[in-house]
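Good morning, and thank you for making time for this. Let me put the structure up for everyone, and then I will walk through a few of its features one by one.

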Amino acid sequence: MKNLSAEQIRSEFLEFFKSKGHEILPSISLIPDDPQLLFTVAGMVPFKKIFWGLEDPKYSRVATVQKCIRTNDIENVGRTPRHHTFFEMLGNFSFGDYFKKEAIEYAWEFLTTRLEIPEDRLWVSIYKDDDEAFDIWTKIIGLDPKKIVRMGREDNFWGPVGPSGPCGPDSEIFYDLRIPVKECPDPDKCTPKCNCNRFLEIWNLVFTGLYQDENGNLGELKRKNIDTGMGLERVASVLQGVRSNFETDLFMPLIHKSEEEFSVKYGRDDGTDISMRIIADHARSATFLIADGVSPSNTERGYVLRRLIRRAVRYGKSIGAHDTFLYRYVPVVESVMGKRYPEIGMRKDFIMETIKFEEERFLKTLDQGLALVEKILSNSSKISGEDAFKLYDTYGMPLDILLDMADERKATVDVDGFNKLMEEQKRRSRENLGLQSFVDSIYESLSNVKTEFAGYENLKSFSKVIAMISNGEEVGSVTAGNEAEVIFDKTPFYAEMGGQVGDSGRCEFKDGSATVIDTYKRGTLHLHKVKVDRGTLRVGMEVNLSVDFDKRMFIARNHTATHLLQAALQKVLGDHARQAGSYVGPDRLRFDFTHNASLTDEEIVKITTLVNSEILKATPVQVKIMSLDEAKKMGAMALFGEKYGDEVRVVMVDDFSKELCGGTHVSNVGQIGGFFILSERAISSGIRRIEAITGLNTIELLSGYKSTLSEISKSLQCTQDEVDQKVKIVVEENQVLRSENKNLRKKIILEELKKEIAHATSDNKKFLVFQTRDLDPADLRDIADDAVKTFATGLVILLQENGEKVTMIVKSTNGKANDVASIVSKTFGGKGGGRSDMAQGGWNGKIEIEKIKSILSWVLK
């Protein structure tokens, strides 16, 4: 049996099937082009439409190494040798080409010839009625019938997914680990039917040749397909001679990283090992999810990623983590997987920043959450639904983490109670939307009304009014001075969509006119908010519509500029910088994008220069309608999470920018005129926002800057070119004067204080209370240090008001500073403390000298 690395196994697999005439295709993203799936969960996902008969195959036989994510059994990860959230599936597929015989022959040849796995270590299972597969295994392959087990539908029959669809029997290949298993009820007669873990399933061959109708009846498919899946991690454990997937070269570098991070040793077969395996698994999953465009959030894919990171952090905490650590595993994942999946290396820095930021957020509340769990479990063996919900809602602790912790303590969690509270929260959220069902019904009754949009080519159209809504009711007419939502059969007005604001303009009709204030969509309805200026607008009227040309051009400049901006961001920051939201109006553009760090001045200059360089090229903007597949093949950028139809509109600026977009644009980038970034800031975890302007707005802004610069130069009595240097000189002079003034104030206050100390000393007082002004805390401490040296014995208390806050410094020669600071501050509702010779305190309010003196007289008796 060959001893191969994981990378060698991948290569051997693909080379073998290439020699058998298979087209080798790359792994698709973990985010599939399938609204029914959250993640790519199996090697067959890219070919689902082919299996369902919805799409014709480009190749009749294909082989892949597909990256996958599954979290349905996350509670078993790290606790068994085989469960993972991220894994790789080696698969060969036939679409109406070969069937059972060839699929079995290829699998057997690969395992026994290429990998040199001894035949006597291999067993097979087949569907109980599949005599055809039995004959292939025994008569063609020559396998001993004693090593073939027949199983029922639950074990050896795949599909259909849902009540009807493609399905078929399967045949699984098992490797005999030949290990003594205590749990085996009959070791001498043990077969793959036994659940004792002696036999390891390594390959599943699915013969998708049947179709089940809604009544459960089976019939043969005209085009029979083959779908196979072999887990890379499992095959690696066999070839590398280890008992657990976690001991292969896919995981051990990550295990070693944990040994280094937490100064623990792997192999103790205890909770520490489980924690290290979970961290290794989740580090891989988080790295690949972020590389494929997922960001931590509280919904769908983002929530899965957040759970994985937080579970890893919690298990790190259990073996000694005190700070962020998981992000440091990303370079290790890259070293193991980066050759096969270069996207990790391309986005490594961004992945690390994203994980670290999420760790920091969770750590802020984790200790409080863990303390609450300990408090609950110290008094009870059950965590109530209310407490579980509080831990989730207040401390961000996912339910599965809580279930893990409870299981470790042999406690239970009221999951039903938790789910009930979650549903109640969702219900309140839905109610808070304030939906008005009656008003909705009006719009629903018009849902079959369609408007032809003609605004890409024309800004004017001859149209007919087909419906109007006013005050929540469908009306037949609207008189002068009143407003309504109007639906036309045809319109040049773009409805607000995809971040672009709606058009406005004019509506002219016989004996009257109206202003189109705004245009937007509600469901499928293309609505125009119209105010009638004169006359009466009626349903059935023919009207002339015209879009405000200047506003449309301002919007178009900004929209095309957002495309150039996104392309520039990816060139400067990396292709992880993807759109997360936008606003395109006539006044400015706003672009939200995924990135974890604030942009440097140098990066902003580079981005601005790149965009303006493209504008100066005056390249024509091309718009093409094509299929979604064609758009993807040409590299057009799609908005993450957006749903697209079969046909899409692609907006292109030479090779600089290609995006799927339904908005309006300039015909030539030169029409943008200019581009200027106004601001850049964070708006949420891992999301930044840029606001910018284009065209005449840049000229207006720069003219304003020029005017301001002119005024400053006049005030400083220098040329505009000298303003920068002159300002530096003025600032430096001001700092010197401020420092001198500060020192002078300190001297004056100190002299006043010394006079007070002299009086206090002559009167044998034990303390001196002195109120200062306009000093910072460091100055107060300096003055207190100097003052106490002249006080023979006792305390010097300095007080200062800053708005509504009082600051107090206490210096002592008799060891009572800490007590005084604490007692005085608490008297006024504040806090104080420190050392016996120096302490400080404060409170909100005013300085009450006489009351403080009274307190001191009592404390220093």
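Which residue forms a salt bridge with Lys67, and how far apart are the closest N and O atoms? Before I answer, please keep in mind that this is a predicted model. The partner is Glu343, and the closest N and O atoms are 2.4 Å apart. Lys67 belongs to strand β2 and Glu343 to helix α11 (residues 343–346), so that the pair links distant parts of the chain, 276 residues apart. Lys67 is buried, with a relative accessible area of 3%, and Glu343 also counts as buried, at 15% relative accessibility.

The structure holds 40 salt bridges, and I would like to show two others. Glu358 is buried with a relative accessible area of 0%, and Arg310 is buried with 9%. In the other example, Asp592 forms a salt bridge with Arg689, with 2.7 Å between the closest N and O atoms; because Asp592 lies in strand β24 (residues 589–594) and Arg689 in strand β29 (residues 687–694), the pair ties together parts that are 97 residues apart in sequence. Both Asp592 and Arg689 are buried. There is also a network, in which salt bridges that share partners join Glu7, Arg10, Glu88 and Arg340.

Glu88 brings us to strand β3, where it points one way together with Phe86, Leu90, Asn92 and Ser94, while Phe87, Met89, Gly91, Phe93 and Phe95 point the other way. Because 10 of the 10 residues of strand β3 (residues 86–95) are buried, the strand is largely enclosed by the rest of the structure. Strand β2 (residues 61–69) pairs with β3 in the antiparallel sense over nine bridges, and there Val62 has Phe93 as its bridge partner. Strand β9 (residues 218–231) is likewise antiparallel to β3, over five bridges, with Ile226 of β9 standing opposite Ser94.

Finally, let us turn to the surface, where Glu55, Asp629, Glu630 and Glu647 gather in a patch of negative charge. Asp629, one of these residues, is placed in helix α19 (residues 628–633) and counts as partly exposed, at 43% relative accessibility.

Key:
Residues numbered from 1 in each chain as written. Predicted model: local features only at pLDDT ≥ 70, side-chain atom pairs only at ≥ 80, totals over all residues. Heavy atoms only, no water. Patch = residues over 30% accessible without salt bridge, like charges linked within 9 Å, V, L, I, M, F, W, Y side chains within 5 Å. Areas by Shrake-Rupley, 256 points an atom, 1.4 Å probe, with all protein chains shown as cover. Salt bridge = Lys/Arg side-chain N within 4 Å of Asp/Glu carboxyl O. Lys, Arg positive; Asp, Glu negative; His and termini not counted. Charge placed at Lys NZ, Arg CZ, Asp CG, Glu CD. Helix = DSSP H or I, 4+ residues; strand = E, 2+ residues; numbered from the N terminus. Buried < 20%, exposed > 50% of the residue type's maximum accessible area, 1.4 Å probe, protein only. Pairing = 2+ DSSP bridges.
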